[in-house]
Amino acid sequence: MTAYAFVTLNITDPDKMAAYREVAGPALAKYDAKPLQVSPEAIWLDGEGDVPDVAVLLSFPDREAAKNWRNDPELAYVHQMRNDSGTCKILLL
């Protein structure tokens with residue numbers, strides 16, 4: 001069953017984020033993941049809280065694919081690049 005991941009990014013180093021974007025697509029493709037929506041203009045419709053610089057909704061074929069993407073040792077450098085660019089949170093739905 002399709003699984004979704006909600007990603008929030010608060011970018012402190014735009015150059016590192018640009019470098020991450022170069023490798024993010026192939027890393028996601030390895031697990032047949034797709035970005036369904038990428039928004040630098042998220043807003044709260046209800047409630048309050050900090051709005052991230054970028055919000056992303058990813059789709060994966062299933063939860064295992066999402067977990068394997070995040071835990072793949074060959075992709076550790078990709079995840080480190082993302083984390084080095086600022087603050088990132090990923091919630092598997």
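**Strand pairing, burial and rings**

Q: Which residue in β3 is the bridge partner of T8?
A: This is a predicted model. Strands β1 and β3 pair in the antiparallel sense. Within β3, the bridge partner of T8 is A55.

Q: How many bridges does the pairing of β1 and β3 run over?
A: The two strands pair in the antiparallel sense. The β1 and β3 pairing runs over seven bridges.

Q: In what order do the four strands form the open sheet?
A: The pairing in this sheet is antiparallel. Its edge strands are β2 (34-39) and β4 (86-92), each of which pairs on one side only. Neighbouring strands are turned by 15 degrees against each other on average, direction ignored. The order is β2-β3-β1-β4.

Q: Which residue in β4 is the bridge partner of I11?
A: Strand β1 covers residues 3-11. Seven bridges join β1 to β4, and the two run antiparallel. A5 stands opposite L92 in β4. For I11, the bridge partner in β4 is G86.

Q: At about what angle to β1 does helix α1 run?
A: Helix α1 spans residues 14-29. It lies across β1 and β3 (54-60). Its direction relative to β1 is about 165 degrees.

Q: Why does S59 count as buried?
A: S59 has its place in strand β3. Buried means under 20% relative accessible area. S59 falls under that cut-off, so it counts as buried, with a relative accessibility of 10%.

Q: Which residues does S59 touch, not counting residues up to four places away in sequence?
A: S59 sits in β3. Its relative accessibility of 10% makes it buried. Leaving out residues up to four places away in sequence, S59 touches T2, A3, Y4, D32, A33, K34 and L36.

Q: Is the aromatic pair of F60 and W69 stacked, edge-to-face or tilted?
A: The structure holds one aromatic pair. F60 and W69 form this pair, at 5.4 Å centre to centre and 50 degrees between the planes. Planes under 30 degrees apart count as stacked and over 60 as edge-to-face. The pair is tilted.

Q: Are F60 and W69 buried or exposed?
A: These two residues form the aromatic pair. The cut-off for buried is under 20% relative accessible area. Both F60 and W69 are buried.

Terms used. Residues are numbered from 1 along each chain as its sequence is written. This is a predicted model: local features need pLDDT of at least 70, side-chain atom pairs count only at pLDDT 80 or more; totals for chains, interfaces and linings use all residues. Side-chain values use heavy atoms; hydrogens and water are left out. Two strands pair if DSSP finds at least two bridges between them. Axes are lines fitted to C-alpha atoms, for helices over the stretch in contact, and angles run from 0 to 180 degrees between N-to-C directions. Contact means heavy atoms within 4.5 Å. Buried means under 20% relative accessible area, exposed over 50%, partly exposed in between (1.4 Å probe, protein chains only). Rings of Phe, Tyr and Trp (its six-membered ring) pair if their centres lie within 6.5 Å; planes under 30 degrees apart count as stacked, over 60 as edge-to-face and the rest as tilted.
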